[in-house]
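Dear colleague,

Please find below the structure we discussed handing over. My notes on it follow, and I would be grateful if you read them alongside the coordinates.

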Amino acid sequence: MKNNKFAGSFLVVISLLLLLFIVDPPQPVQAARTDNKVLLVYDSQNNLQKKAKNIDALQRVLTSMNLQIRTVEQADYKKGDLNSSYVGVITMINWRQVGLKNRTFITDRSKFSGIKLHIGNNLLKSEIEALGGSAQDLYRQQFILKNHANTQTLPFSETITVVQNLPKSAKTFGTLSTQQEDQKSYPFGVINGTNGYLPSFRSSGLSLMTEIELIGQLFSRVGKYQPLLTFTNVTPYSNLEYIDDLSLYCYKNEIPFAISTTSVSQNTDLKAFDRFTAVMRSVENRGGIIFLNAPEVSNADNSGQTLSNKFSDYLVTLAQHKVFPVGVSAPGYWNQDKILRNNFLDYGDHWLMLPDPEETAFVHQDNKANVATESFFTMPLSSLKEVKKTSTMAFAIPTALTISMPDSKTHVQMVKRELSRSQLTWYDPANNLTTRIATPSTLLEYKYGNYFANGQQEDTQISSSLLNKEFDDGSPKAAMSKYFRVQGNVFMVFFVIVTVVLLVFIYLGQRVYWNNFRRK
Amino acid sequence: MSKILKSWCSKFAKRVSPAMFATILVAIISGIILFIPPIKGLGDNGDFYNVLLTNGLYRLPMHYNQLSDYVINKFGILHYYNENHFYTFTSQMISVKLAMFLNKLFYSRTVFDIRFMGLVHYGFYLGGIYLLTKSLVHPFRKVGSYVIAFLVVLILGDSAYTLFFNSFYAEAGMFVLIIYIMAAIMSLARDVYAKNWPMVWLFFVASILLVTSSQANASLTISLVIMAIGLVFLPGFKARRLAVAFGALTIFLAGVGIYFSANEEAVNANKLQAFSQGVLLENTKDPTEDIDRGGVDGQYSLIRGKNYYTDSYTAIKPSGAYTKKHLLKKINVGWTVHYYATHLKQFNNLLDVAATDIPNLQMKNVGDFSRNSGHKPRAQTRYFTLYSATLGAFYPGKYAFDLLIMIGAIGAYAVGFYLDNKRNHYYGIVRFFLVVGLMLALVYIPIYAVITGGEFNLAQRLFMAVTSLNLTILLFVSDIINHTLWHTTPEEDDDEE
């Protein structure tokens, strides 16, 4: 018995030691915080009204607040899922007619002592009591949202529940006013202690900014961030002239910016890739930073190996051409997918989370979002049309205002005009940012405008002719192909001669044959 | 001894005709791989999707998702209304529907067994083999006739062909139909039957079904119309020119119809692959600037070698709006032809690649066995593949060789054409047009395949080219054995007639 015990503990020690050697050198793991877990429970995705995009936006907002969000549809909620490991719970109602039905969740939530936020209709009595006011349903109205001297006309709403007669301890965010003559106004968002309420969720404009403000206050994650100008939808297939033109414009007008681009893992020996990387280098030299964007997913195999190999290939080939991404960007759903998150997002410590496309392509959805050191929430610059863009404007969370890479010359001009009109003070990475991307083989770092690859500082101001020399793979291939070409031609000539001779023989043979008959 | 042998042989010949001999042999040889478990067939390279969708079938859920590794034996039959039943409309639907009918009658209303597909193909195939062998040996029952019958078995009974039967590939039907087409023409040429009209009908019906069995077969129109010209020379066939012209026109219209019936998605997939795996390949220099000059953004050279559907992670979505606007809308067949016309050397290289694929009849990228058979993924059977393996080993991979074969074969049969034309016989003439049709297919299908789809799945898209070659070889050898290559009516038979 004693021996066995000794052997057992010895084995444990040995395996621990082995583990130390086997496990990859530790990557920059976010400090394991215990106060950043949030549970999001929603009633339904309501695909008819496309509310899934609201879930996506909310998830990205929370990720940018460094809150680790776990999402559950109410039908999948099981007793005890909401426990004390969470700092807060968010209930999101996307479909009034469905609403909260899961009794287990309602009981668990009422017992829960952390932060509670309700978004949407169907406020329960207990929730109203917790907020400390009285609720009123307003039907078929169009409201104007006002907040910080900005206004936004909200689309027509069937039913909206507002909370009034609040105690003094409650804090309100924005006001909703009717368009009728008497102009009644109601508070939009409400916080009372650890309870919060938002009557609706919209993924753009002033309402989104108000929502972010409230959620930030509720979870005490309010910061002051200048927006990062980001050009999205760039690929190696994009029109390089337009990218070059816009980056030059930004450089001349001293606008720091970022580009979110995909890359290719094959055909990097082609001139097309040289041209693409040359433009990306000039982006780097003009004060731009590059986020490596997630590739399109189709026909995905279930192993993450393919994706992580691709990621390494992207990094290595780009780095060879002196293009150094500072972070990764991806649609929101990549953070809700085990394979996509582990084999792409987690390599970078700075994320740029883009809105979900119309169709998502999950590989292995687990709804257990991770967080990064910093992740930028993105919204289109154009979605802030009604919001006054002053030079002091700041956002509560790290935010990137995006412009989709224009597709024609007139669009380029329009983008330039839009930029010149905006008064915003843009976030300057060269003054603020340090990032790293680490794969088992490559480490890329960005520190205040300087690039480091595997610890060595890199110069991005290298001409493409020099690069081409660096990566030229010589000429023996050409010599061999010449040999085969010559050989092929020799064969051709040979065959043609044989055919001609054959034809002559056939002709002669025919004549001999016929002559035989004639003599008979 | 030899007397006994001779009498035994003559008895055998009396009881079993060469055609029956060939039919029985292929029935046994192919019956074994198709129906006796563990059955063999072909895995799915992605082609099944459309066929299943159109015919109200679906894949039964499986844990194993590599469809191409193994033969899938069972499919589900949809019970509710199938909204996609005209997604693609091809003549292949007839054989699938027939197989489903038999399946429902004898096996199950919910589960489809792939062997019923095999059974339908098998039945028509045996009939075709009988008719073809009969037309090739008529009117003899000599030793040579049995040699020809055996050649028919060796070439057309090859497993590379018969494996297609247990699958949803259109190639199975195409193979059976071309056998009927050749049998019909040779029967007409050699006066096998007293009346001509059944075989004329057979030819046109089979031709139309062949052309419409898949979108890519539109190109076969040319060959079939040329074969039809030969029928004009048949005797005793009233108003024959008009009828044949009408038939040829119908084939042509069927070809045009099927070509334009392709859905947009399939057209885009072909366009993209014709570009990524054709225009961008086999170019000795960097294609970037060549593409620029062609009016397409040179950055698209980065798509070199990519597939439309099957790549897991791509920098850009091949079916996305950006690709459509900047690539797919700019390239079409005309653009591709113009590109190749200005890059002849590259085109020649591509045709040489196609030539190396000509003898690859057996589909190498999908498995032949079912998953429980204990074989490795994508394992290939070697059962009765002597002919296809030999062809694969010795056929040279140069397009110029295809051209030479065409010139050689047409030249050889032109003699018979010339002589019969002089003597007012029609055998050599009808046969000549058959050979011209088959040989043109050998030469233009590679061109068509490269222009419309590049190197993507090239071996499979050359199926009709190699089948034409095999049929010509069969015809050639049988003519040598029958002594009918140049003189279509051998002296010794003149007295009989």
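**Chain B as a whole**

In this predicted model, chain B has a secondary structure of 22 helices and four strands. Its radius of gyration is 24 Å, close to the 23 Å given by the globule rule for 497 residues, so chain B is as compact as a globular protein of that length. The C-alpha trace of chain B spans about 75 × 55 × 45 Å along its principal axes.

Of the 497 residues of chain B, 57% count as buried. The accessible surface of chain B amounts to about 21,400 Å², and carbon and sulfur atoms account for 66% of that area. Where contacts in chain B join residues at least 6 apart in sequence, 77% of them link residues at least 24 apart.

**Helix H6 of chain A**

Helix H6 of chain A comprises 13 residues, 240-252. At 1.5 Å a residue these should span 18 Å, and the end C-alpha atoms are 18 Å apart, which agrees.

At the start of H6(A), a side-chain oxygen of Asn239(A) comes to within 3.0 Å of the backbone nitrogen of Glu241(A). After the helix comes Glu254(A), with a positive phi near 55°.

The buried residues of H6(A) are Leu240(A), Tyr242(A), Ile243(A), Leu246(A), Ser247(A), Tyr249(A) and Cys250(A).

With kind regards

Conventions: Residues are numbered from 1 along each chain as its sequence is written. Chains are lettered from A and ligands numbered from 1 in the order in which they are written. This is a predicted model: local features need pLDDT of at least 70, side-chain atom pairs count only at pLDDT 80 or more; totals for chains, interfaces and linings use all residues. Side-chain values use heavy atoms; hydrogens and water are left out. Helices (H or I, at least four residues) and strands (E, at least two) are DSSP runs, numbered from the N terminus. The expected span of a helix is 1.5 Å times one less than its number of residues. Buried means under 20% relative accessible area, exposed over 50%, partly exposed in between (1.4 Å probe, protein chains only). A polar contact is a pair of N or O atoms within 3.5 Å; within protein, one must be able to donate a hydrogen and the other to accept it, and residues adjacent in sequence count only if both atoms are side-chain atoms. The radius of gyration is taken over C-alpha atoms; the globule rule is 2.2 Å times the number of residues to the power 0.38. Contact means heavy atoms within 4.5 Å. Accessible areas come from the Shrake-Rupley method with a 1.4 Å probe; for residues, only the protein chains shown count as cover.
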